[in-house]
Amino acid sequence: MNVYDGQRIAAMLRARGMNQTENIPDADIIILNTCAVRAKATDKVFSALGRIRLEKKPNALFGIVGCVARESGAEAFRRVPELNFVLGPQSYHKLPEILENPDTKLFNIDLGGLEKFDEMPQPDTSPALAYIPIQEGCNHCCTYCIVPYTRGREISRPFDDVIRDVTHAAKTGAIEICFLGQNVNGYKYTSPDGHIYRLSDLIGTTAKLDTIKRIRFTSSYPTEMTDDLIDAFRTEPKLLPFLNMPIQSGSQNVLTKMNRPYTLNLYIDIVDKLKNARPDIQISSDFIVGFPGETDSDFEQTLDIARRIKYINSFSFKYSPRPHTAAALMPNQIPEKIKSERLTKLDTLLNEIQRNFNESLVGKTLPCMLEGPDKTGRHLVYRTPYMQPCITDTPHDAPAPQLANIKFTAANKASLRGKIVK
Ligand code: 5AD
Ligand code: SF4
């Protein structure tokens, strides 16, 4: 979501004749697009602001947009008095106002809902992978999560608006569409004539566009995985066989305290249905370890579910108490040391599962999408349908197709090696 927001902010300023630079002393305006989901992310913002303050040109404008802006509100100006703007995740379209009135402070952390989508210009060109937000906010009140506070209640964008954005992206360079939402599979839009549109309708309509070759969506809430959507994995070959469906914990006890009211059996049933619809599907998850009251045995159950589902490409985090959340006030907060130990154990297991999966692909050929040069700048990297990077033996400056069949020749825990085949 933040990558998308960043792209739109860049496009908005480019339309006003500005160019992008990574070099702070060169910049006339410096924008931190921020995430508040864990305390560490918020802390990083304020330490970065401290550095930028010293490095920037004296008259350069600087400020924060996104969830930390909403979380800290006017307090941000007190902590860093030189800040010129503080704009919440639904008001960053107002950013150009600071260019018109550089001597004022621009402050807006309102929940404006979908307004920003209507006010921002469409970029002239689309990256090959186009992120298309279909929803703002979240109606699930997980007790650890600040998102319902920073991004507000869930609103689905009108079906026609989303399809307009998808069509525009397809015409201007996109070959992969990734639908975005905090609760993306809960997408539900009722048109004025009473027709209800779901995510499966967006996928079906998008798949009809010839230039679009790959479709995916993130992030899904388990109980919103409706049969029409599961069926899309059976009927729509452009839908990638990869799904991020966070379970967060493998303990029923912890899930209840997290206010994620699904049973493990229900979750496992959904995975079975998905595998039935698309046998090659792989699932990824987010995990939180060290939630208040989590016992050793609760944590063991998280390891058990990870082994059982064989999650690939997952993310695991230490629980971080956040303002405006119920869990921050719960008893039995877990000491940092135990959180760290549990995180290391879970990461070790997830890496092992991931390595096994990557190794199982060696010798196979899959259609992959061009990403760009590898870290050394020598060879081209492609993304597999499961989102692992695959470093090819194709030189970075060789003509290469955006979509190529790649035969995998080697694997490690984080990436694959491969070569383009006909
Ligand atoms: N502490 C740690 N991780 C969190 N997440 C959300 N809130 C917190 C928190 N307070 C994680 C969840 C979510 C991902 C985006 O961030 O796993 O799925
Ligand atoms: Fe946060 Fe996701 Fe839960 Fe919504 S579903 S409250 S975004 S963790």
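User: Do helix H13 and helix H14 run roughly parallel or roughly antiparallel to each other?
Analyst: Helices here are DSSP runs numbered from the N terminus (H or I, at least four residues; strands are E, at least two). The axes of H13 (residues 296-309) and H14 (residues 336-361) come within 10 Å and cross at roughly 10°; axes are lines fitted to C-alpha atoms over the stretch in contact, with angles from 0 to 180 degrees between N-to-C directions. Under 35 degrees counts as roughly parallel, over 145 as roughly antiparallel, 65 to 115 as roughly perpendicular and the rest as oblique. That is why H13 and H14 are described as roughly parallel.

User: Before we go on, which things are left out of the side-chain values?
Analyst: This is a predicted model, where local features need pLDDT of at least 70 and side-chain atom pairs need 80 or more, while totals for chains, interfaces and linings use all residues. Residues are numbered from 1 along each chain as written, chains are lettered from A and ligands numbered from 1 in written order, and side-chain values use heavy atoms, leaving out hydrogens and water.

User: How many nonpolar residues take part where H13 meets H14?
Analyst: Contact means heavy atoms within 4.5 Å. Phe299 and Leu303 are among the H13 residues that take part, and Leu346 and Leu349 are among those of H14. Nonpolar covers Ala, Val, Leu, Ile, Met, Phe, Trp, Tyr, Cys and Pro; Asp, Glu, Lys and Arg are charged, and the others, including Gly, are polar. Besides 4 charged and 1 polar, the nonpolar count is 7.

User: At what angle do H10 and H12 pack?
Analyst: Two packed helices are described by the angle between their axes and the distance between the axes. For H10 and H12 the axes are 7 Å apart, and the angle is about 35°.

User: Which residue has a polar side-chain atom 2.6 Å from an oxygen atom of ligand 1?
Analyst: A polar contact is a pair of N or O atoms within 3.5 Å. Arg38 puts a polar side-chain atom 3.0 Å from a ligand 1 oxygen, and a backbone N or O atom of Tyr144 lies 3.0 Å from a nitrogen of ligand 1. The 2.6 Å distance belongs to Asp286.

User: How much of ligand 1 does the protein bury?
Analyst: Areas come from the Shrake-Rupley method with a 1.4 Å probe. Taken alone, ligand 1 exposes 400 Å², and the share that the protein buries is 85%.

User: Which residue has a positive phi although it is not a glycine?
Analyst: Most residues other than glycine have a negative phi, and most peptide bonds are trans. The loop between helix H11 (252-257) and helix H12 (264-277) holds the residue you want. With a phi of about 60°, it is Asn259.

User: Which peptide bond is cis?
Analyst: Look at the loop between strand S11 (214-218) and helix H10 (227-235), where Ser219 sits. With omega near 10°, the cis bond runs from Thr218 to Ser219.

Technical notes:
A polar contact is a pair of N or O atoms within 3.5 Å; within protein, one must be able to donate a hydrogen and the other to accept it, and residues adjacent in sequence count only if both atoms are side-chain atoms.
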